[in-house]
Amino acid sequence: MTLPFAGAMTTKEAGVIPRPFEYHVPRSLPEAIALLNQHGEGAKLLAGGHSLLPMMKLRFAEPEHLIDLGKLSELKGIREVDGEIRIGAMTTENELIWSELLQTRCPLLVEGARQISDPQVRYRGTLGGDISHGDPGNDHPALMIALDAAFVLASERGERVVPADGFFVGTYATLLEPGEILTEIRIPLPAPGTGYCYAKLKRKTGDFATAATAVTLRMNAGAVDDVRIALTNVAETAIRATDAEQALRGKPLDEASIAEAARLAMSICAPVADLRGDPEYKTAMAGEMTRRALASAYARAAH
Ligand SMILES: Cc1cc2nc3c(=O)[nH]c(=O)nc-3n(C[C@H](O)[C@H](O)[C@H](O)COP(=O)(O)OP(=O)(O)OC[C@H]3O[C@@H](n4cnc5c(N)ncnc54)[C@H](O)[C@@H]3O)c2cc1C
């Protein structure tokens, strides 16, 4: 934000002081759910605070009650269970990056997390907060779609598990319903030899993507066995490039097929103009990121 000059505005007008709120620190998930129900629309969950607090300072969000999830140890941790990787929603970006399990079994998530913002944000920002926020500029939505993840949503009604593909329904809008908390992210263990890449163009460290593409790729007998492609920050939500995937399946991967997939990915882009560029530039960059992500994933895949 640009401030005119010192003294021209009060700090409140300048949008740096949130409205007063009551701060709650539940010690268990049932307690957090009960607080969320008790305070209804006036309540907001607080995870790392790196998206919510800026919105509160700008008064785009004005919760009367903040429910801090920071003490819920059941929302932390990364483990392998029954062919899945299960990650607690309050796991930070740095904990993803440092995880040996993810480094060896799900390196795409590590590669993606390493490109999020800067070290300060990665110390506090959580996987669950990044997903729940529903910002099309956030990187985890596309990574989750490419990894075929599912989300566990808990409320007073119990738990439901929803796929990442379809969870993001609009800018800052997800399938999370009032009273629900994202507790866990489940990722099917990628088959050995799965190629992967998160190609992200950003103007500088700490910036969101101008455009980015997440790819997982499995080859078999010289042809594409399976591929998933998802794009960041070129539409109202992260989007899956299903036509591009379809065009690649069952065929060898070469320059021509990659170029066609990039063209199909560009055809579903509808970015808005901002400081990162106009729609034409962003769409072209989405194509280029798709081309690079597919080429890198191919180089990393077992053949
Ligand atoms: C300078 C800067 C640069 C950034 N760059 C990037 C970037 O390049 N890529 C990127 O992906 N992100 C980026 N971010 C965003 C950052 O990753 C945030 O940390 C993330 O978007 C939100 O995670 P959080 O844990 O901070 O959540 P919070 O800010 O605490 O919460 C965000 C929203 O999600 C809700 N919420 C949080 N946890 C849950 C839950 N478990 N269940 C239900 N709802 C929940 C909150 O109520 C709130 O509405 C950037 C942030 C900053 C400040």
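Reader: Before anything else, where do the domain bounds come from?

Author: They come from an automatic or database domain assignment. The structure itself is a predicted model.

Reader: OK. Which domains give residues to the lining of the second largest pocket?

Author: Domain 2 (73–186) and domain 3 (195–300) both do, so the pocket lies between them.

Reader: What volume does that pocket have?

Author: The second largest pocket has about 220 Å³.

Reader: And which residues lie nearest its centre?

Author: Pro190, Thr194, Thr216, Arg218 and Arg228, out of 14 lining residues. Strand 12 (211–220) and strand 13 (223–232) are the elements that give two or more residues to this lining.

Reader: How does the lining divide by class?

Author: Eight of its residues are nonpolar, two are polar and four are charged.

Reader: Switching to the ligand. How many residues surround it?

Author: There are 29, and the closest are Leu45, Ser51, Thr126, Asp130 and Asp139. By class, that shell has twelve nonpolar, twelve polar and five charged residues.

Reader: Which elements supply at least two residues of the shell?

Author: Strand 2 (43–46), helix 7 (127–132) and strand 10 (181–188) each do.

Reader: What about the backbone, say at leucine 52?

Author: A polar backbone atom of leucine 52 is 2.7 Å from an oxygen atom of the ligand. For alanine 47, a polar backbone atom is 2.8 Å from a ligand oxygen. Glycine 48 also has a backbone N or O atom 2.8 Å from an oxygen atom of the ligand.

Reader: How much of the ligand's accessible area does the protein cover?

Author: The protein covers 91% of the 960 Å² that the ligand has on its own.

How values were computed:
Residues are numbered from 1 along each chain as its sequence is written. This is a predicted model: local features need pLDDT of at least 70, side-chain atom pairs count only at pLDDT 80 or more; totals for chains, interfaces and linings use all residues. Side-chain values use heavy atoms; hydrogens and water are left out. A residue is near a molecule or strand if one of its heavy atoms lies within 4 Å of it. A polar contact is a pair of N or O atoms within 3.5 Å; within protein, one must be able to donate a hydrogen and the other to accept it, and residues adjacent in sequence count only if both atoms are side-chain atoms. Accessible areas come from the Shrake-Rupley method with a 1.4 Å probe; for residues, only the protein chains shown count as cover. Helices (H or I, at least four residues) and strands (E, at least two) are DSSP runs, numbered from the N terminus. Ala, Val, Leu, Ile, Met, Phe, Trp, Tyr, Cys and Pro count as nonpolar, Asp, Glu, Lys and Arg as charged, and the others, Gly among them, as polar. On a 1 Å grid over the protein atoms alone, a cavity is a set of points where a 1.4 Å probe fits but cannot get out, and a pocket is an open set with protein on both sides within 12 Å along at least five of seven lines; lining residues have an atom within 4 Å of a point. Grid points are joined across faces, edges and corners, and a volume is the space filled by probe spheres set on the points.
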